[in-house]
Amino acid sequence: MKGPGDAESGFYCIERRSPQQPSRVGAWCCAYMCTWELQVTMKQGKQTVVELLGHQGCYLVVDPDGSVRCGKPASVQQSQFLLELHRSGKWTLQLLDSKKYLESDGEDVFCISRSPSPYQKWLPQLAMHVHIVLYNPTHQCYARADADLDRVWVDTPVPYLEECGFVLRFRNGMYHLETSSHKFVSRVEKLAKKPSAQTAFNLNLKPRCLAFLSDQDGCVLYPQGKRGRLCLGDNPKEEEEWFVIKRCPQWVSLKTKAQRYVSIICDMEVYAGSDKVTPKSVFHYEFDPDTSAVQLKTVNNRYLAQRKFKSIVANGRRMEPETNFRALWHYGKIFLQAFNGRYLGTMPFGLVVASAMHPGPGEAFGVRLANRSFLVLRGRYGYVGSSACHDVLQCNLLDPDCIELLPCKPGIYHFQAYGRSFWSLSSDGTFRTWGKFALNFCLEIQGSNILAVLAPNGYYMRGDRSGTLLADSEEATNECLWEF
């Protein structure tokens, strides 16, 4: 499973559904390969020509006899499809060269017919992580849920608020949009407490992770009125119903040993003086997978940078090397090594500087996820959650649980399950969700929307191939890394 690709692609699971046949996800070519990158190769007016790239660089290829396989095409005529979008949210894929449709009988996939039929409609499902934000290009703002008024507004330029996060749940071929307060966007104007037929929508997708939500009557959700209230209508203008679906970003706050938050004052000076979190004390935690460098971006789109005389100033630009830091994690706390090789700390009056040759207690910052009150974890084998078939937590589910985060000491959280019971840890390293006492978990950000979890027994939480969630790893291996 992967997140969204570049500006001209996206990752999808594609499922064919028809009333006559049962559905099979990823029945093509091999059971393992059910995730495809949709690559846009050209535009033909309002039509889009795409290729489907699967595992290990293999494309979806149609042979001259109409059989379908995964492999390397001998020519682009074998792998280029004309993509057609339908109001139901389904797609048809027509081979550009032969004009034949990609179809399935529920068991096999083939491409032999030029006549439209129900067997040729495919239901795409985003393969990206379900915790998302919704950006509206027309209004240039993000959607934000208002739990007090039970409304959703499209009015936020920077998605640093927890209320900008949504969980996109896929059930029985329909989508339900869950807010950060665990309510659901509904066909009626107010948020609903539980998912139902009133909260079920078609998700109409097209390349570049663009989508809009519609109901069974063909009405669509789009921002309306001066405040941009998100509600159903049938007259959107200038494609304002389209949203870009993005991963929910990781915004953090940094707290010093003196229990003060690192904040921006006078537009660019960096001090640790605030005793509460404000918009000026949250930072977008960005990670470069090639260099392992960390950058911290403010809500004003500037980066923390190390300048002259060891000072840290919030006036950096992304490409400047002075904005790169090296992060060292220790039980939920972080040490940041600046461009000059020294570690960040604070002066007695709160000014943040890069002056320490070696990290110590004064250079440790407690990290808190500023825009998350819960986690949705996905590992190599699926999502983390409880299953009716097992009494221990699993890590291979399609539909995740939301893990409620109760902040404890800086960098340490208690994990709470739905129903207000705590996570418990058994002597064999397995987890259950009926604990009576709160346990301490440490979170370590290891990449872009990637973290490792240090369990109360001192071992890292790991997803086992069997599907069982375990805490038994001494190091943060690949099985210990979780998308969140």
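Ala, Val, Leu, Ile, Met, Phe, Trp, Tyr, Cys and Pro count here as nonpolar, Asp, Glu, Lys and Arg as charged, and the others, Gly among them, as polar. The structure is a predicted model, in which local features need pLDDT of at least 70 and side-chain atom pairs count only at pLDDT 80 or more, while totals for chains, interfaces and linings use all residues. Residues are numbered from 1 along each chain as its sequence is written, and side-chain values use heavy atoms, without hydrogens and water.

**Exercise 1. The largest cavity**

Determine which residues line the largest cavity and which element gives the most to that lining.

*Solution.* 
- Step 1. A cavity is a set of points on a 1 Å grid over the protein atoms alone where a 1.4 Å probe fits but cannot get out, and its lining residues have an atom within 4 Å of a point. Points are joined across faces, edges and corners, and the volume is the space filled by probe spheres set on them.
- Step 2. Under this rule, there are four cavities of 30 Å³ or more. The volume of the largest cavity is about 100 Å³.
- Step 3. Its lining consists of Leu134, Leu168, Leu203, Ala211, Phe212, Leu213, Leu221, Leu230, Phe243 and Ile245.
- Step 4. Strands (E, at least two residues) are DSSP runs numbered from the N terminus, as are helices (H or I, at least four). Two or more lining residues come from each of β17 (210–214) and β20 (243–247), and β17 gives the most, with three residues.
- Step 5. By class, this lining has 10 nonpolar, no polar and no charged residues.

**Exercise 2. A cavity and the domains around it**

Explain why the second largest cavity lies between domain 3 (251–369) and domain 4 (374–483).

*Solution.* 
- Step 1. The domain bounds come from an automatic or database domain assignment. This assignment gives domain 1 (10–18 + 29–126), domain 2 (131–247), domain 3 (251–369) and domain 4 (374–483).
- Step 2. The second largest cavity has a volume of about 50 Å³. Trp329, Val367, Arg368, Leu369, Tyr413, Leu443, Ile445 and Leu451 line this cavity.
- Step 3. The elements giving two or more of these residues are β32 (365–369) and β40 (441–447), with three coming from β32, which gives the most.
- Step 4. Because domain 3 and domain 4 both give residues to the lining, the second largest cavity lies between them.
- Step 5. The lining has seven nonpolar, no polar and one charged residues.

**Exercise 3. Backbone and burial in loops**

Decide whether Arg208 is buried, partly exposed or exposed, and do likewise for Ser421.

*Solution.* 
- Step 1. Arg208 is located in the loop between β16 (202–206) and β17. With a relative accessible area of 31%, Arg208 is partly exposed.
- Step 2. Most residues other than glycine have a negative phi. Arg208, not a glycine, has a positive phi of about 75°.
- Step 3. Glu239 is also not a glycine, and its phi is positive at about 55°. The loop that holds Glu239 runs between β19 (229–233) and β20.
- Step 4. Ser421 sits in the loop between β37 (412–416) and β38 (422–425). Its relative accessible area is 19%, so Ser421 is buried.
- Step 5. From Ser421 to Leu443, 22 residues apart along the chain, the C-alpha separation is 20 Å.

Technical notes. 1 Å grid on protein atoms, 1.4 Å probe; cavity = no way out; pocket = protein on both sides within 12 Å on 5 of 7 lines; lining within 4 Å. Buried < 20%, exposed > 50% of the residue type's maximum accessible area, 1.4 Å probe, protein only.
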